[in-house]
Amino acid sequence: MAPREQRSRRGSAGATAVALLALAAPFGFAAQDDGRLAPEEVKEIDRMLRRGELRDAFDILDEVLEEVPGDAAARTLRARARFERCEYEDALADAERAFRDALTVEPTPERPADRELLAETARRYAHMLVELGRAAEALTVLGEAGGSLIPEADSRDAWAVGRARLEAGDGEAADGLFRQGAEAPGPRTWQGFLARARCQRALGFFQRAARSLVEADKLATKDDGTEPDVLAELGDVYFEAYGEVDDAMSLQHLPSKQYREALTLHPDHEAARLGLFEIYRFNWALSRESPAELLKEALAARPLSIRALLASVSSDLDDGRLMYARRALDKLEEVAPARRDVRSERAALAWIEHDREGAEAILADLVAADPTDSRPERVVARHLNEIYRFQEALPFARRATERDGKDWLAWTEYGRALANTGAEDEAREAFAKAEHAAEGRQNAWRKNTARILGKISGEFTEHDAGEHTFVWLPDAEEILRTYLEPFYAEHRTGLAERYGHTPGPVRIEIFRRWSDFSVRSTGFAGFSALGVCFGPVVTAVSPLSELRGNFSWARTAYHEYTHVVHLSLSHNRCPRWITEGLATWEEEEKNPAWSRNMRGDLVNAYANEMVIPVRDLNRAFRGPRILFAYYQGGLLCRMLIEEYGFAPMIRLLLAFDKGRDLDQAFDEVFGLTPEEVDARFLAFVREKVEPLRIEPYWSPQRVLKKRLSLAKSAPEDPAERAAWAEDWLTVAWGYLQQEKRIDAEQALRVVQTAGELPPRGHFLKGELALVRTDLDEARASYARGLELGGEDYRVRMTLADLALADGDHETAEAHLLAAERAFPGIAAPMPSAELKLAELYAMRGDEEKSMEARIRWLAYNAGDVDVRLQVAKWLDGLGRHAESAELYREANEVDPFRRDLHRRWGIALAVLGRYEEALREFDVALKVPAELDAALIGGAHADVVIPEQFSELISAAEGHGLSRADWEALAPEILGRKARVLVELGRPEEARAAAEEALALDPDAGIAQEVLSGL
């Protein structure tokens, strides 16, 4: 059998047959009669490599090279395949052999195919060397290729030589070559236009690069179809040019769309997958997928990928996963030790770990090799910014800008470090320089942050309070200053004493709009937190924000100020999970009602084996589980403090300050590994969730995994049979929660083959009956489950609703009380048993029990102002003013812009003889601007109130709170009460003035008359 016939037969047995296509192959040489690949075969294998069909390509190429070892085209293709499989040494061996074989053919004008073959082997070999950090060797290879490379005529040659020059430290020569490539007339193939676009992008010509890529796509579509490489490059261009800014132009040029389309053509296309990873790391608000999962997939496809490992090192450094960063760097240094970006990451790790001499030595070597390259110092600055070590980032960012004044990314990092150390005027100047240097490149983070800093400068006022500088809108200043200034001062002293450390001055910025807070804190809108601490700068949401009346500003302030102490104590060097965890623990210690109350999420996480390992906890703050990360961090700190005491937590912070990583810090302070901490924490969580009786929400992944592991027949052993039934019930519950009723019913029938259903099975039967609106069967099934000893919050709440529908209040009460025992103080979106009880008791006219139920609910919920005021007024009626005063204080910590709140609080304080505090409240009541009083404007948010529409707003709000007339009528009474308190304080002249002011407003003001008559 002839060699070519044998090869075709073997190829047809693979997944992909060799296609005979009409258009010119990348190499363009004529078919040979000596067994070498024909042009159409070269083209098809090239396509297979571009689509990720490596196995089929290898089968063909191995066979060809076994028969014809000197086939340079086939060997270059195999070198590419081996490089894709990260078999770097074998790839280089093949690439070198292909290049040497191609050199043996003397190219002539009459034989252009030979020139193209030599040029292609040189380009491919040089590309691999550059990727491995061996740019000098790449230049030697390209030099040997001689006249076969024509940069002024062929964009591919210009890109290959220019990139090698750039990585070798000759940026000026590289720019010249890129300019040649940007203007080169050929080749007029998609590969030629792709190379031209890369040269244009390197020069910052993004519109031209995009046009070249569009042309490349058109040519590719006419040939083999849309090319993943072209799409990924276009995505990169869009990302760099438009920077995810939120405008019409950017929305028309979404990089994610290009990356996703590339992945449909090549499911493991690395550039596309890592492009998505970079977007989602850059802009967490747009994340459709977990960046960590995207990176995991990239590394699964190519475990020794240089690009993926660099992304892994970078993200691990940003997330404080130093052990993983070291491992990835070690792998990189095995395959590409001389790459500048690899060495830059090593310098960043060295600095983070306090090896300052080592870091500076690496940077000095990099500067010596290329004094104009600002990237190494910028990389170090970026990592330090990401881990909130802004003060340390400043000199590196400054040095980067000095090394290359056109490095807009360096100016951006410099602005970030300045802004978050409190130098906001200088930060705005840096961002302006970044924008100028960017030459049209957009950047959403930079644009958003600069806009907010400009808004702060133009619209906000500053209040200097010694060690604290407050920044807020002027109309709210007087009220906020009354409470925030002493609050921060008090807790600065208390926390400093607790931690044995006093921080430096702090800038505290209070934002009316939640989106403004989010942008100032993260660069993007949509951040779910209420406060952020950068160390010497704290940002927080105003009680007048869109969330008005639903969160405690005091809790936020306390939480963030603990960060001030933690970060100052550790010089911003502690992992995020520990400072967030300690702050979360601290807030609950300060006030149990400040609990995060995410016990339902804890139940689900434990049931689904999704409690976050401590090594991964930092990373969770960048993803969709950020709120749970706060909560888990708090629980983890609680466990450690309960077992070891508080002092070791301070030692843990100090260990991180000394440069210890997670393993070293845990070993030094607790004598434990992170894995041992995880094991203890799981036991701690189990104790927390065991008393809570509620069916978890089962994740689809958990349900599928369990379903695939289960047999359809029940085991004979009784214990195994019971476990089998419970596992099948988990599958059935999961199906129902996914609204797969038929699958749930089928799974339940499997369980029934084992005999009597467990309580969960009867509860599930009840749920299925409820879906069918068979209320009698639902009641019977729920009752049977309870009779067998089962308990479940949702079951009790459903039975209570059914009883209420029947008018059976006594049964409803019993079920609601049982629900409260099953899960007291459950958080939204679940209905509250306590509040349902309160409504039921109110319907029955039992006000005492109604209010007591509300009080029990308030113990778990710090952010509800209306319920607190409702209960406080009831307590006042009973003369329980000490209790009501506490509720008024807590209500004020939610919304201090309510005249009636301060009036009532002042009355309670006066009755208790706390006259100075009462005087403060009456004064504040008189100062609350009408435009900001929630009771007056019916809950309308002050940040959207247009002054000329205020009268209409008030009119529309009638019935929701106070009328304008009623609101104004409070002033004479408040002045009279103020006068009375001033008398008690021995200040008669001030009392007289207050009483006279009251009578000027209302001649019949009784309290004022009484005060004057007594003076």
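Is D516 buried or exposed? In this predicted model, local features need pLDDT of at least 70 and side-chain atom pairs count only at pLDDT 80 or more, while totals for chains, interfaces and linings use all residues. Residues are numbered from 1 along each chain as its sequence is written, and side-chain values use heavy atoms, leaving out hydrogens and water.

**Exercise 1.** Classify D516 and identify its partner.

*Solution.* First, apply the classes: buried is under 20% relative accessible area, exposed is over 50%, and partly exposed lies in between (1.4 Å probe, protein chains only). D516 has a relative accessible area of 6% and is buried. Next, find the partner: D516 forms a salt bridge with K455 at 2.5 Å, N to O; such a bridge is a side-chain nitrogen of Lys or Arg within 4 Å of a carboxyl oxygen of Asp or Glu. Helices here are DSSP runs (H or I, at least four residues), numbered from the N terminus.

**Exercise 2.** Describe the pair E233 and R201.

*Solution.* The closest N and O atoms of this salt bridge are 3.4 Å apart. E233 belongs to helix α12 (residues 228-242) and R201 to helix α10 (residues 190-202), 32 residues apart. E233 is buried at 8%, whereas R201 is partly exposed at 23%.

**Exercise 3.** State the salt-bridge count and name a network.

*Solution.* The count comes to 114 salt bridges. One network links R115, E116, E120, R123, R124, D154, R156 and D157.

Note on methods
Helix = DSSP H or I, 4+ residues; strand = E, 2+ residues; numbered from the N terminus.
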